[in-house]
Amino acid sequence: MIRRYTLPEIGAIWSDEARFEHMLRVEIAVARAQAARGQVPADALAAIEARARIDIDRIAEIERTTEHDVIAFVSQVAEAIGPQGRYLHLGLTSSDVVDTALALQLRAAGELLIRDCDRLLASIVGRARAEAGTVMMGRTHSVHAEPTTFGLKLAGWAFELQRGRVRLAAALDEVATGKISGPVGTYSHLDPDLEVDVLTALGLRPDPVSTQIVQRDRHAALLAAIAILGGSLERFATEIRNLQHTEIGEVQEPFKAQQKGSSAMPHKRNPIISERIAGLARLLRGYAVTGFENQPLWHERDISHSSAERVILPDATIVLDYMLVKMTSLIDGLLVRGERMRENIERGLGLHASSRVLVALVEQGGLPRDEAYAIVQRGALRAADERRALRDLLAVDATVAKRLTLSQLDACFDDAAFLRHVPAVIARLDALVPPLPAAAPNATTRRRESHVGR
């Protein structure tokens, strides 16, 4: 991934140095298990543990001749160890080291991603609680529907993010799988119990039946989980972009004092973070497709997956990390314009109350539903075309006046009735992020409260 979208902590996980260091961890763990079984002399293990080191430049130099990065790695480390280096990589095939080291890298990257998810979840839940009563118009087909609250919208995002986190954690757990089973998975040079010891020491699970590689359904599942989570972030970002339309203007991305929106138009404050998140989500879906293509390898293995994985696995985790961090800062700094939300509701001329009028005409007025629907629809279409309040038109409709009193009609336009259950839904957030306990008022707080209203 290009540097622009690579945050330092996750970028370090996918550096060449880190990759070879993880491979060295595997080699040393195998040597220790072999030494415990008398297959590697104790002095050789001591030399391996004391002298094994990574020299990236030397590995690259050897690889220019061998055209094989693992052989170049083993040769370089053996050189550093000295004569006892001949016990390194004893009985192993390249994928024993590569796939197991890859599992270690994915686990490290996954820990960052789960941490990112938790931070974003806390941010969204906090804003959802804060905006629980911020009334706005709900829209379907981009058209006014019925009122909701911005907090309720955010609460939906929180639960979707949590579902994505669960999928991601499950995929990360599954991909934390290694193998030390030899050329085609038959343990021809190593015993199965050695594999268990090595992978237990590394905190990984053994593949129950491997070929020469760990099968790629696990990696495909991880990339799918990443893409789905990216799609959720894109959904959130798209909603922010839509609500920032000039004609809507209900939310606005944070905009720094010296920030510029356009080289030509000084008035522009564009939703660039949301747009960036939407664009990067497309990459994640592409990586997932490539992961699916990596599953059907020939026989016990080929390496058609290898070149693709060197790109898609680092990039997918790096991009998701960036998206999660950026979305967190976006949520934290999002400007919510409650007054504009109210203006937009009022511009709707009360059309959003059509459903409540329909129900009232059926339940209180005793009209058949189809007849009631026709009356309300006729009034609503006229209100929209003539830009008149729906309530005023219905108040002088002879049929409506005969069936509903003015107080009953006015009750239909009380927005509070639409939102009476919102607190119960917001309370469900407690299952995701428990609310902070209310702090006991201290002396300063009591003094401040005592002056309120003076």
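Student: Why are H4 and H5 called oblique to each other?

Tutor: The axes of H4 (residues 56-66) and H5 (residues 69-81) come within 8 Å and cross at roughly 130°; axes are lines fitted to C-alpha atoms, for helices over the stretch in contact, and angles run from 0 to 180 degrees between N-to-C directions. Angles under 35 degrees count as roughly parallel, over 145 as roughly antiparallel, 65 to 115 as roughly perpendicular and the rest as oblique, and H4 and H5 are therefore oblique.

Student: How do you know how H2 runs relative to H3?

Tutor: The axes of H2 (residues 16-36) and H3 (residues 42-51) come within 10 Å and cross at roughly 160°, which makes H2 roughly antiparallel to H3. The crossing of H2 and H3 is left-handed, and Ile28, Ala31, Arg32 and Ala35 in H2 meet Leu45, Ile48 and Glu49 in H3.

Student: What makes Asp207 and Arg218 a salt bridge?

Tutor: The closest N and O atoms of Asp207 and Arg218 are 3.3 Å apart, and a salt bridge is a side-chain nitrogen of Lys or Arg within 4 Å of a carboxyl oxygen of Asp or Glu. Asp207 lies in the loop between strand S4 (205-206) and helix H9 (217-243) and Arg218 in H9, so the pair ties together parts that are eleven residues apart in sequence. Both Asp207 and Arg218 are buried (under 20% relative accessible area, with exposed over 50% and partly exposed in between, for a 1.4 Å probe and protein chains only).

Student: How do you know that Arg216 and Glu309 link distant parts of the chain?

Tutor: Arg216 and Glu309 form a salt bridge whose closest N and O atoms are 2.6 Å apart. Arg216 is in the loop between S4 and H9 and Glu309 in H11 (residues 304-333), 93 residues apart. Arg216 and Glu309 are both buried. Elsewhere, salt bridges that share partners join Arg19, Asp69 and Arg310 into one network, and by this rule the count comes to 29 salt bridges.

Student: Why is Ser142 called exposed?

Tutor: Ser142 has a relative accessible area of 71%, and therefore counts as exposed. Ser142 lies in the loop between strand S1 (135-140) and strand S2 (143-149), and has a positive phi of about 65° although it is not a glycine.

Student: How confident is the predictor in the chain?

Tutor: The chain averages a pLDDT of 93, and 96% of the residues score at least 70, pLDDT being the predictor's confidence in each residue, from 0 to 100. Over residues 443-454, however, pLDDT stays under 50, and the model has one contact beyond four places in sequence for them. Where pLDDT is low, the predicted coordinates should not be read in detail.

How values were computed. Residues are numbered from 1 along each chain as its sequence is written. This is a predicted model: local features need pLDDT of at least 70, side-chain atom pairs count only at pLDDT 80 or more; totals for chains, interfaces and linings use all residues. Side-chain values use heavy atoms; hydrogens and water are left out. Helices (H or I, at least four residues) and strands (E, at least two) are DSSP runs, numbered from the N terminus. Contact means heavy atoms within 4.5 Å. A crossing is left-handed if the near helix is turned anticlockwise from the far one by less than a right angle, and right-handed if clockwise.
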